[in-house]
Amino acid sequence: AQPSSASWSLARLEYADYPFMESMAAWALRLISEFDHQQISNAAWSFAKLCFAHRPLLDSIAAAAIRPIGTLNAQDLANTAWSFSRLGVAHLPLMYAISAPSIRTMGDFIPQNITNLAWSCATL
């Protein structure tokens, strides 16, 4: 099992067990370098959905997302931006990194991706 899948499942169930989320964050921190673009996005989304702002994990997610930013699809870009904005974390290097591929691939964005990205920019 991957921590991003487990935390995503908890978020879908809206099950916010904070001691358990703390252990999920520690697990994710150990494995974040192995995450693919969807696992990065899912981890960010799940912690944001449960309003659990674990700053060391968010910093690691941001670093992991910036490295392959050009490979993230429209949904991953929008969800990652939304996640940081939802938690009130203005990670400017990440947001700047998200903007270039978002502009370049805007034609691939569905309305929800556009809405999430616009809300993220407006919120921060």
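**Helix H6**

I began with the buried residues of H6, which are Leu 94, Met 95, Ala 97, Ile 98, Pro 101 and Ser 102; I take buried to mean under 20% relative accessible area, exposed over 50%, and partly exposed in between, with a 1.4 Å probe and protein chains only. Seen down the axis of H6, these buried residues fall within an arc of 160 degrees, so they line one face of the helix, the arc being that of the directions from the helix axis to the C-beta atoms. I note that this is a predicted model, in which local features need pLDDT of at least 70 and side-chain atom pairs count only at pLDDT 80 or more, while totals for chains, interfaces and linings use all residues. Residues are numbered from 1 along each chain as its sequence is written, and side-chain values use heavy atoms, with hydrogens and water left out.

On the face of H6 turned away from its buried side I found the exposed residues Tyr 96, Ile 103 and Arg 104. The buried residues of H6 pack against helix H4 (55–66), helix H5 (74–86) and helix H7 (111–123), where contact means heavy atoms within 4.5 Å. Helices (H or I, at least four residues) and strands (E, at least two) are DSSP runs, numbered from the N terminus.

I then checked the length of H6 (residues 92–104): its 13 residues, at 1.5 Å a residue, should span 18 Å, and its end C-alpha atoms are 19 Å apart, which agrees. The expected span is 1.5 Å times one less than the number of residues.

**Helix H3**

In helix H3 I looked up Ser 41, which is buried with a relative accessible area of 1%. Leaving aside neighbours within four places in sequence, Ser 41 is in contact with Gln 75, Asp 76, Asn 79 and Thr 80.

Ala 43 is also found in helix H3 and, at 1% relative accessibility, counts as buried. With neighbours within four places in sequence again left aside, Ala 43 is in contact with Ser 4, Ser 7, Phe 35 and Ile 61. Ala 43 and Ser 7 are 36 residues apart in sequence, and I read 6.7 Å between their C-alpha atoms.

**The largest pocket**

The largest pocket has a volume of about 330 Å³. On a 1 Å grid over the protein atoms alone, a pocket is an open set of points where a 1.4 Å probe fits, with protein on both sides within 12 Å along at least five of seven lines, and lining residues have an atom within 4 Å of a point. Of the 14 residues that line the largest pocket, Trp 8, Trp 45, Gln 75, Asn 79 and Gln 112 lie nearest its centre. Helix H1 (3–12), helix H3 (37–49), H5 and H7 each give two or more residues to this lining, and H5 provides the largest share, four residues.

**Cysteines**

I counted zero disulfides, a disulfide being a pair of cysteine sulfur atoms within 2.5 Å. Cys 51 is in no disulfide, and the nearest cysteine sulfur, that of Cys 121, is 20 Å away, which is too far for a bond. Cys 51 is found in the loop between H3 and H4, has a positive phi of about 55 degrees although it is not a glycine, and counts as partly exposed at 46% relative accessibility. Cys 121, at 53%, counts as exposed.

**Arg 30**

Last, I placed Arg 30 in helix H2 (residues 18–31), where it counts as exposed at 62% relative accessibility.

Key
Grid points are joined across faces, edges and corners, and a volume is the space filled by probe spheres set on the points.
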